[in-house]
Amino acid sequence: MIQALRRRLSYANVMATAAVFIALGGSSYAALSITGRDVVNRSLTNRDLKRNTLDGSRIKESRLGAVKRARNADRLNGVTAARLLVRCREGTVPVSDVCIETTARAAAPYSTAAVECESTDRRTGPGRRLPSHDELMTAIGDYGIALATGGELTRNVYPSATRPGRVDVLYITDDVGSVALTPNTDAGAKAFRCVADPLN
């Protein structure tokens with residue numbers, strides 16, 4: 001009997017019954033009589049509820065099921081945040097979205113340094129490259145990497161003002177990221193370090 005009654009209850013029936021009670025002066029009785037047990041599944045829609053009437057104090061998050069349309073909801077499958085962090089090869093640390101070497105290499109002209117970086121790990125990947133100014137500056141500032149004496153090369157180059165057709169290379173001169181230009185010659189050789197792609 002109770003099951004049959006529940007099947008006949010709908011939002012329209014409940015509201016019609018409530019209207020009758022209210023019309024007869026029984027508003028308090030109607031409000032106390034109609035509970036969640038009297039409402040049939042899917043008989044109420046978002047149009048039937050006033051805005052902001054349901055909040056975290058009324059909804060138990062632990063009872064909410066997975067949304068079928070949220071296809072990416074379970075994609076991580078329990079993978080921890082630590083496994084999603086950038087992983088770098090030994091001797092490098094993560095800076096931005098790359099891995100930068102912790103030890104500076106011996107002084108070399110820009111063209112020699114670029115080729116040396118590119119040939120590092122070439123058999124197992126795309127090789128390495130010189131760091132940009134911001135990558136090297138971040139490594140020095142955030143990771144406590146000591147800048148080599150005399151400064152270090154970056155990959156930032158500019159047309160030479162004194163040697164047409166050649167380039168001058170931006171290098172960092174101190175621990176706060178100050179810069180100067182050096183020619184791409186033996187006389188302009190500076191220490192350098194390479195950056196690599198993360199392992200993941």
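A: Begin with the cut-offs: a residue is called buried when its relative accessible area is under 20%, exposed when that value is over 50%, and partly exposed in between. Keep in mind that this is a predicted model.

Q: Is Ser-132 buried or exposed?
A: Ser-132 has a relative accessible area of 6%, so it counts as buried. Ser-132 sits in the loop between helix H5 (110-119) and helix H6 (133-143).

Q: Which residues is Ser-132 in contact with, leaving aside its neighbours within four places in sequence?
A: A contact here needs heavy atoms within 4.5 Å. By that test, Ser-132 touches Thr-154, Arg-155 and Asn-156. A separate reading is the C-alpha distance: 9.2 Å lies between Ser-132 and Val-195, which are 63 residues apart along the chain.

Q: Where is Leu-49 found, and how is its accessible area read?
A: Leu-49 belongs to the loop between helix H3 (27-33) and helix H4 (81-84). Its relative accessible area is 40%, so Leu-49 is partly exposed.

Q: Which residues form a nonpolar patch with Leu-49?
A: The patch on the surface consists of Leu-44, Leu-49, Leu-54, Ile-59 and Leu-64. Together these residues have about 440 Å² of accessible area.

Definitions and conventions:
Residues numbered from 1 in each chain as written. Predicted model: local features only at pLDDT ≥ 70, side-chain atom pairs only at ≥ 80, totals over all residues. Heavy atoms only, no water. Patch = residues over 30% accessible without salt bridge, like charges linked within 9 Å, V, L, I, M, F, W, Y side chains within 5 Å. Areas by Shrake-Rupley, 256 points an atom, 1.4 Å probe, with all protein chains shown as cover. Salt bridge = Lys/Arg side-chain N within 4 Å of Asp/Glu carboxyl O. Helix = DSSP H or I, 4+ residues; strand = E, 2+ residues; numbered from the N terminus. Buried < 20%, exposed > 50% of the residue type's maximum accessible area, 1.4 Å probe, protein only.
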